[in-house]
Amino acid sequence: MKFIRVKKIIVMTTVIIGTSNFYPIMSQSEHYEPMMYLSKECFAKRNKKVCKKALNKIQLYKSLENLKDNYSCQTRLLGLEAQLIMVIMKMTEERGLSLGMLRDLQKNCSF
């Protein structure tokens with residue numbers, strides 16, 4: 001079990017180092033800003049391409065939060081991911097719920 005955890009940390013460290021090339025020396029909130037912006041755009045414009053970009057960002061942040069054992073935040077990211085998928089599939093029109101989810105994410109994920 002420890003080997004898997006170490007391997008996961010090595011892989012995620014590689015991802016973090018690779019990510020830092022795109023976001024040089026930024027605060028934690030600034031790292032999450034692209035995901036938040038893309039998510040808001042997805043909910044507002046219902047654009048599949050924007051929603052898919054947001055999903056890609058969320059995938060990265062879920063992994064980062066998992067490394068920090070921040071399962072509460074990771075769960076909220078999963079919820080956001082589900083909402084974005086519903087937008088892509090045109091299964092929801094509830095913008096208020098989605099924007100509330102973003103506020104909850106900011107409050108509970110320390111960014």
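**View 1. The crossing of helices α3 and α4 is left-handed.** In this predicted model, helix α3, which spans residues 48-67, packs against α4 at an angle of about 165°, and the axes of the two helices lie 9 Å apart. Because angles over 145 degrees count as roughly antiparallel, α3 is described as roughly antiparallel to α4.

**View 2. Residues of α3 meet residues of α4 across the helix pair.** On the α3 side the contact includes K48, C51, K52, A54, L55 and I58, together with Q59, Y61, K62, E65 and N66.

**View 3. C42 and C51 are joined by a disulfide.** The sulfur atoms of C42 and C51 are 1.9 Å apart, and with 90° about the S-S bond this link is right-handed. C42 has a relative accessible area of 0% and is therefore buried, and C51, likewise at 0% relative accessibility, also counts as buried.

**View 4. C73 and C109 form a disulfide between distant parts of the chain.** Here the sulfur atoms of C73 and C109 are 2.2 Å apart, and because the torsion about their S-S bond is about 110°, the disulfide is right-handed. C73 belongs to helix α4 (residues 71-88), whereas C109 lies in the segment after α5 (95-108), so that the pair links parts of the chain 36 residues apart.

**View 5. The structure holds 2 disulfides.** Counting bonded cysteines along the chain, the disulfides follow the pattern 1-2, 3-4, with C42 linked to C51 and C73 linked to C109. A disulfide is, in general, a covalent bond between the sulfur atoms of two cysteines.

**View 6. L105 of helix α5 and L77 are 7.3 Å apart in space, C-alpha to C-alpha.** In sequence, L105 and L77 are separated by 28 residues.

Key: Residues numbered from 1 in each chain as written. Predicted model: local features only at pLDDT ≥ 70, side-chain atom pairs only at ≥ 80, totals over all residues. Heavy atoms only, no water. Disulfide = S-S within 2.5 Å. Buried < 20%, exposed > 50% of the residue type's maximum accessible area, 1.4 Å probe, protein only. Helix = DSSP H or I, 4+ residues; strand = E, 2+ residues; numbered from the N terminus. Axes fitted to C-alpha atoms, helices over the stretch in contact; angles between N-to-C directions. Parallel < 35°, antiparallel > 145°, perpendicular 65-115°, else oblique. Left-handed = near helix turned anticlockwise from the far one by under 90°. Contact = heavy atoms within 4.5 Å.
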